[in-house]
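User: I'm new to this one. Can you walk me through it?
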Amino acid sequence: MRRTDAARELGGFVRDHRTDGSRRLRLAGALLVTGVVGLAFGVPVTVASIGTTDGAPELAGLLLGVGLVGLGLGIWRLTQALRTREQSFDVHERGLTHRVAGNATLIPWTDIERVGSASAEDGRPLAEARGMGFGFAIELRDARKIRVDTFTEDARELAETIHRAVSMGQFPQGRGRRP
């Protein structure tokens, strides 16, 4: 479905919010490499430390832990990146168009229950780079949820726009229109 077709059903186009899938893939790659390296060093250290009580068992546990956590998080981010490839949210006067992998779903404001599960700023180091800085869920009336995180540009603005439209009845104005 082209953007002009969606504009007819949902009113004038306001703006889009694209998700940076390549950044998600880079993060997944870094986590997978960290996991593989951790396991590559952790397994031999574990084998070598069998029967000792020196510092080797602690080092082996640390390396295996880093490897398993890195591998797990890397697989999770890779799955997420593949599942949400080419994702974007087009804001229109009367709703959203949610695009994923070439498929578009029209979501009128009336189909959205609320913006739920918004996470506050994560103050941990590199939270934004890991996609953990801010996130929320678009909760639809049919109980589906669409999760949005900091990989989506201007995620906070998108959450505010949806909240104003759904909870306060303040609908965005399309290009060329005045309130």
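Analyst: Here is a short tour, starting with how the values were made.
Analyst: This is a predicted model, with local features needing pLDDT of at least 70, side-chain atom pairs counting only at pLDDT 80 or more, and totals for chains, interfaces and linings using all residues. Residues are numbered from 1 along each chain as its sequence is written, and side-chain values use heavy atoms, leaving out hydrogens and water.

User: Which residues in α4 are buried?
Analyst: Ala155, Leu158, Ala159, Thr161, Ile162 and Ala165. Buried means under 20% relative accessible area, exposed over 50%, partly exposed in between (1.4 Å probe, protein chains only). Seen down the axis of α4, the buried residues fall within an arc of 165 degrees, so they line one face of the helix. The arc is taken from the directions from the helix axis to the C-beta atoms. Helices (H or I, at least four residues) and strands (E, at least two) are DSSP runs, numbered from the N terminus.

User: And what follows α4?
Analyst: Gly169, with a positive phi near 70 degrees.

User: Switching to strands. How do β3 and β4 pair?
Analyst: Strand β3 (residues 95-100) and strand β4 (residues 103-108) pair in the antiparallel sense, over six bridges. Pairing requires at least two DSSP bridges between the strands.

User: Which residue is the bridge partner of Leu96?
Analyst: Ile107, in β4.

User: What about the hairpin itself?
Analyst: Two residues sit between the strands, and Ala101 takes a positive phi near 50 degrees.

User: Last one. Where does Leu25 lie?
Analyst: In helix α2 (residues 21-48). Leu25 counts as partly exposed because its relative accessibility is 40%.
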